[in-house]
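Have the model open beside you and try each task before reading on.

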Amino acid sequence: MNSVLLALHSGWRWVVLLVAVVVIVKMLLGWFGRRSWGRLDDQLSLVFTIVIDIEVLLGILTWFFIKAWEMGRIAAFEHPLIMLLAVVVAHVGQWRARRAADDTAKYRTSAIFYGVSFVLILVGVMLVAAA
């Protein structure tokens, strides 16, 4: 069970990274192209947060089943905290974008928050890979 969870968690990160890149590129194109916000943008934002939520759920289950607190500081605390922060940033970005006054503000807010979330995810992944 432990190895299956770890494999799922490790494999799902590629889905997270791919979706993040697609969503960030779409938001940047909308922001700099002065496009109008559409249903696809809402759906992409939702997919991004759902994919990250699934990754965090897999990470929490993995953390408990492999007893990560016994594996050292990075696996026990730094990686999980950075990833939880990435999820919070993504959700706050989605929330703020929904409430933005105009389409440019929605794209700008999404691009910035999702970009910061993406950077945090990369840092968290690199921490574990380097450990």
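This is a predicted model: local features need pLDDT of at least 70, side-chain atom pairs count only at pLDDT 80 or more; totals for chains, interfaces and linings use all residues.

**Exercise 1.** Find the residues in contact with Asp41, leaving aside its neighbours within four places in sequence.

*Solution.* Start with the cut-off: contact means heavy atoms within 4.5 Å. With that rule, Asp41 touches Lys26, Met27, Ser36 and Tyr107.

Residues are numbered from 1 along each chain as its sequence is written, and side-chain values use heavy atoms, with hydrogens and water left out.

**Exercise 2.** Compare the reach of α2 with its expected span, and list its buried residues.

*Solution.* The expected span is 1.5 Å times one less than the number of residues. For the 27 residues of α2, 39 Å is expected, and the distance from first C-alpha to last is close to that, at 39 Å. Buried positions in α2 include Asp41, Leu44, Ser45, Phe48 and Ile52. After the helix comes Lys67, with a positive phi near 55°.

**Exercise 3.** Describe how α2 passes α4.

*Solution.* Take the axes as lines fitted to C-alpha atoms over the stretch in contact, with angles from 0 to 180 degrees between N-to-C directions. The two axes come within 12 Å and cross at roughly 20°. The helices α2 and α4 are therefore roughly parallel (under 35 degrees; over 145 is roughly antiparallel, 65 to 115 roughly perpendicular, the rest oblique). Now look at the residues: Asp41, Ser45, Phe48 and Ile52 of α2 meet Tyr107, Ser110, Tyr114, Ser117 and Ile121 of α4. By class, this contact has 5 nonpolar, 3 polar and 1 charged residues (nonpolar: Ala, Val, Leu, Ile, Met, Phe, Trp, Tyr, Cys and Pro; charged: Asp, Glu, Lys and Arg; polar: the others, Gly among them).

**Exercise 4.** Work out how α1 and α4 are oriented.

*Solution.* Helix α1 (residues 2–32) packs on helix α4 (residues 103–130) at about 150°, with axes 8 Å apart. That makes α1 roughly antiparallel to α4.

Conventions:
Helices (H or I, at least four residues) and strands (E, at least two) are DSSP runs, numbered from the N terminus. Buried means under 20% relative accessible area, exposed over 50%, partly exposed in between (1.4 Å probe, protein chains only). A crossing is left-handed if the near helix is turned anticlockwise from the far one by less than a right angle, and right-handed if clockwise.
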